[in-house]
Amino acid sequence: MVGVTGRAAPEDLRSHQWYGTDGLRSFSHRARTRQLGYLPEEHLGKPVIAILNTWSDINPCHSHLRERAQAVKRGVWQAGGFPLEFPVSTLSETFQKPTPMLYRNMLAMETEELLRSYPVDGAVLMGGCDKSTPALLMGAASVDLPAVFVPAGPMLPGHWRNEVLGSGTDMWKYWDDKRAGLIGDCEMAELESGLARSPGHCMTMGTASTLTAAAEVLGVTMPGASSIPAVDSGHDRMAAASGRRIVELVWRRLTLSQLLTAEAYQDAVSTVLALGGSTNAVIHLIAMAGRSGVTLTLDDFDRTAREVPVLADLRPGGRYLMEDFHFAGGLPAFLSRLADVLHLDRPTVAHDSLREQLAGARVHNPEVIRDRDKPLAEEGGVAVLRGNLCPDGAVIKHIAAEPHLLRHTGPAVVFDDYRDMQRRINDPALALTPDHVLVLRNSGPKGGPGMPEYGMLPLPDYLLKQGVRDMVRLSDARMSGTSYGACVLHIAPESYVGGPLALVHDDDLITLDVAARRLHLHVDEAELARRRAGWTAPPARYGRGYGALYEEQITQADTGCDFAFLSRPGEVPDPYAG
């Protein structure tokens, strides 16, 4: 459909190749559709809409999407389309091990091939838990059909003893309090019951909220969709509206390539940074842009971070939660504060231009969505670091770190992997002080495997009991978007493939200087060369299966952790043979 203009006729529909001709195959397809219980007049000449649903019994973020799919179907029927629901992989951030990041590209592959191989004219993509949003959009972008994204929505705020809790962020906080001896098992049992009270993804500005906000500013959701609480009746109405809208997009031939432009991705970067969003968005947006034929780099994030302030006072970097953000005006109101840096004349699924979509948007609570002259931080919430320890870059969410650590030099304590860290972190023989720099390696895309969220390394119990709540921590891992601390992440190239992180020894001095965007290992080049000569590559982790494909094809963090064979350009023929 790329480059096609004018309103489509029924015979222009992609599904017409399956259903509308006089050949044997169309006869067979119509007969089998009758077998499903549908009459020809219910689907012939109508847009066939695939509803890709990531619901499952083990994904609490998406446990309501079975009902929301019915609302989407209602909207599709109302608009004269023919909805078909497809179950696709569920990526449960809570339960899937070693990490759902290992399987993001698998869902992207499934999305792409499903949309390409079935009689589908358009798609409604239903997700929201961290990796599901980029996976669905990466796959759909590779097919380039009309598509609308339906975000799962944030869960209700948590509550405990008259305190409002943020899922994820307060989990880390109170777990440290327990390790410090400040609270006990009774309090933890109460917290366990009050932290996550409803379906929906984390209600802080973690990875899920960051990526669904990115989807909205990219123009692939209905206006305001990304912040509607999962259990709000407005969420049901939004799902039905998305179903109605996708039918119109098919008739208009508005495909994802017309929406996911370089300008749209620039706006997504500005929005994520101004929200104080998750560091994970850096990896995912680079991968998504690559699938859209757009080059996005770490330098784009760093340049933009110096140009936009943080205007959302949301946890973990601020005070409020997503429900507060929604009733403060949601993303349309937030974007109205950034209008001068956005590309307002590009289209969205709901309007001819982003400018039109934002018309009339108002901020109802300037404490939650700040004025430009009262930012939460003067610069965007993520900084990109360079230096001899990260020649291909690293990132830090500096607004969630203790300020005194943003310029720090200290001796390294090195852990070879996460199990090594768990085994030794509380060993008094390490004699850790707040000045030490904790270093975790072999936790990147290949070394993790899958680049798990290990980057918020735990502090030793004995330092927590002394009141220490932050230290400089370095890794080639990621961390949860709900986490906080002076955690340098995504160090590239990773240690598992011989990056400089593999060469760090205990007691080497390391300097972090966020203002200078610098991460430096104080070891001369001759010594590093000697260490490099003695380094041995670890054996492959997987002998077969998806893991072996992953290990062979995965790219590094700075290029989005996509599969090399999926991220490269090239044509894929339409599979329908007549």
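The model is a predicted one.

**Entry 1, helix 8.** I looked up which residues of helix 8 (residues 185–194) are buried, and found M188, L191 and G194. Viewed down the helix axis, these buried residues fall within an arc of 125 degrees, so they line one face of helix 8. On the face turned away from the buried side I recorded the exposed residues D185, C186, E192 and S193.

**Entry 2, helix 4 and helix 10.** I noted that two packed helices are described by the angle between their axes and the distance between the axes. For helix 4 (residues 65–78) and helix 10 (residues 233–252), the axes come within 7 Å and cross at roughly 40 degrees. The two helices are therefore oblique to each other. I recorded the crossing of helix 4 past helix 10 as right-handed. Helix 4 contributes R68, A71, V72, R74, G75, V76 and Q78 to the contact, and helix 10 contributes H235, D236, A239, A240, G243, R244, I246 and V247. I sorted the residues of this contact into seven nonpolar, four polar and four charged.

I located L321 in the loop between helix 13 (298–305) and helix 14 (322–327). Is L321 buried or exposed? Its relative accessible area is 2%, under the 20% limit, so L321 is buried. Apart from neighbours within four places in sequence, L321 is in contact with P157, V164, L165, G166, M203, T204, L314 and R315. One of these partners, R315, is joined to P316 by a cis peptide bond, with omega about 15 degrees. P316 also has its place in the loop between helix 13 and helix 14.

A cis peptide bond joins G448 and P449, with omega about -10 degrees. I placed P449 in the loop between strand 10 (437–440) and helix 18 (461–464).

I then turned to positive phi values. D144, which is not a glycine, has a phi of about 65 degrees. D144 is found in the loop between helix 6 (132–143) and strand 4 (147–151), and is buried at a relative accessible area of 9%. A431, likewise a residue other than glycine, has a positive phi near 50 degrees. I found A431 in the loop between helix 17 (418–424) and strand 10, where A431 counts as partly exposed at 48% relative accessibility.

Technical notes
Residues are numbered from 1 along each chain as its sequence is written. This is a predicted model: local features need pLDDT of at least 70, side-chain atom pairs count only at pLDDT 80 or more; totals for chains, interfaces and linings use all residues. Side-chain values use heavy atoms; hydrogens and water are left out. Buried means under 20% relative accessible area, exposed over 50%, partly exposed in between (1.4 Å probe, protein chains only). Helices (H or I, at least four residues) and strands (E, at least two) are DSSP runs, numbered from the N terminus. The arc is that of the directions from the helix axis to the C-beta atoms. Axes are lines fitted to C-alpha atoms, for helices over the stretch in contact, and angles run from 0 to 180 degrees between N-to-C directions. Angles under 35 degrees count as roughly parallel, over 145 as roughly antiparallel, 65 to 115 as roughly perpendicular and the rest as oblique. A crossing is left-handed if the near helix is turned anticlockwise from the far one by less than a right angle, and right-handed if clockwise. Contact means heavy atoms within 4.5 Å. Ala, Val, Leu, Ile, Met, Phe, Trp, Tyr, Cys and Pro count as nonpolar, Asp, Glu, Lys and Arg as charged, and the others, Gly among them, as polar.
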